[in-house]
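Good morning, and thank you for making time for this item.

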Amino acid sequence: MDLELRQKINTTLVKFFNEIMDLEEKAIITDEFQDISNNDMHIIEAIGLGEGNRMSVIAKKLNITVGSLTTSMNALVHKGYAARQRSEKDRRVVNIYLLEKGIAAYKHHEDYHRRMTDALVERMTREELETWVKSFEALHEFFYSEAKHKRK
């Protein structure tokens, strides 16, 4: 592959990643959810709907440590987005679940991602989508490998 094409790919990826982070934050952190960050919204997504999850499960979904998650979780609990509840079966286990405000934020974020996916799906053929997915899977493998290598 020639150098010019490699540079174009690099420039496009860098612009894309920067824009998506900025635009996603502007799209999902609305007046209704101005008291949380884009990071908080992703924590809410990782908690999920239903009976909730343990901190270790949420941290694993986010690829962070439980210690890193604790500060953000304390803030989400304090702001009324989530709550902690001890398991009735095992009192050592604490589940985190979303409250009404957190459920609304979850659904708002989910809707944004649905619209984002629809915008792509509506404009591409099945074959183009399969190529797109293959490309992004390769990027994911690269980032995962890099992150894993940095932890050692």
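I shall describe the overall fold, then the aromatic rings, then the nonpolar core, and finally a few individual positions.

A word on the basis of what you see. This is a predicted model, in which local features need pLDDT of at least 70 and side-chain atom pairs count only at pLDDT 80 or more, while totals for chains, interfaces and linings use all residues. Residues are numbered from 1 along each chain as its sequence is written, and side-chain values use heavy atoms, with hydrogens and water left out.

Let me start with the fold. Read from the N terminus, the order is α-α-β-α-α-β-β-α-α. The C-alpha trace spans about 60 × 40 × 30 Å along its principal axes.

Of the 152 residues in the protein chain, 23% are buried. Here buried means under 20% relative accessible area, exposed over 50%, and partly exposed in between, with a 1.4 Å probe and protein chains only. The accessible surface of the chain comes to about 11,200 Å², and carbon and sulfur atoms account for 53% of this surface. These areas come from the Shrake-Rupley method with a 1.4 Å probe, and for residues only the protein chains shown count as cover.

Taking contact to mean heavy atoms within 4.5 Å, we may look at pairs of residues at least 6 apart in sequence: 50% of these contacts join residues at least 24 apart.

I turn to the aromatic rings. How many aromatic pairs does a search of the whole structure find? The search finds five. Rings of Phe, Tyr and Trp (its six-membered ring) pair if their centres lie within 6.5 Å; planes under 30 degrees apart count as stacked, over 60 as edge-to-face and the rest as tilted. The pair of Phe16 and Phe17 is tilted, because the ring centres are 5.8 Å apart and the planes stand at 55 degrees. Phe17 also pairs with Phe143, here edge-to-face, at 5.6 Å centre to centre and 70 degrees between the planes. Since Phe17 lies in helix α1 (residues 3-28) and Phe143 in helix α6 (residues 126-151), this pair ties together parts that are 126 residues apart in sequence. Phe16, at 33% relative accessible area, is partly exposed; Phe17 is partly exposed at 29%, and Phe143 is partly exposed at 41%. Ring pairs link Phe16, Phe17, Trp132, Phe136, Phe142 and Phe143 into a cluster.

Next, the nonpolar core, meaning a set of buried Ala, Val, Leu, Ile, Met, Phe, Trp, Tyr and Cys residues joined through side-chain atoms within 4.5 Å. The largest such core holds 22 residues, and those touching the most other members are Ile36, Ile44, Ile47 and Met73. At least two core residues come from each of α2 (38-47), α3 (55-62), α4 (66-78), β3 (94-98) and α5 (100-121). Which element gives the most to this core? That is α2, with five residues.

Now for individual positions. Leaving out residues up to four places away in sequence, Met73 touches Ile43, Ile47, Met55, Ile58, Arg84 and Ile96. Arg84 itself is found in strand β2 (residues 82-86) and is partly exposed at 38% relative accessibility. With the same exclusion, Arg84 touches residues including Thr70, Met73, Val94 and Tyr97.

Within helix α2 we find Met41, which is buried with a relative accessible area of 0%. Beyond its neighbours within four places in sequence, Met41 is in contact with Ile28, Ile29, Phe33, Ile36, Ala105, His108 and His109. Ser72, in helix α4, also counts as buried, at 16% relative accessibility. Not counting residues up to four places away, Ser72 touches Asn39, Asp40 and Ile43.

My last residue concerns the backbone. Most residues other than glycine have a negative phi. Asn63, although not a glycine, has a positive phi of about 60 degrees. Asn63 sits in the loop between α3 and α4 and is partly exposed, with a relative accessible area of 49%.

Notes. Helices (H or I, at least four residues) and strands (E, at least two) are DSSP runs, numbered from the N terminus.
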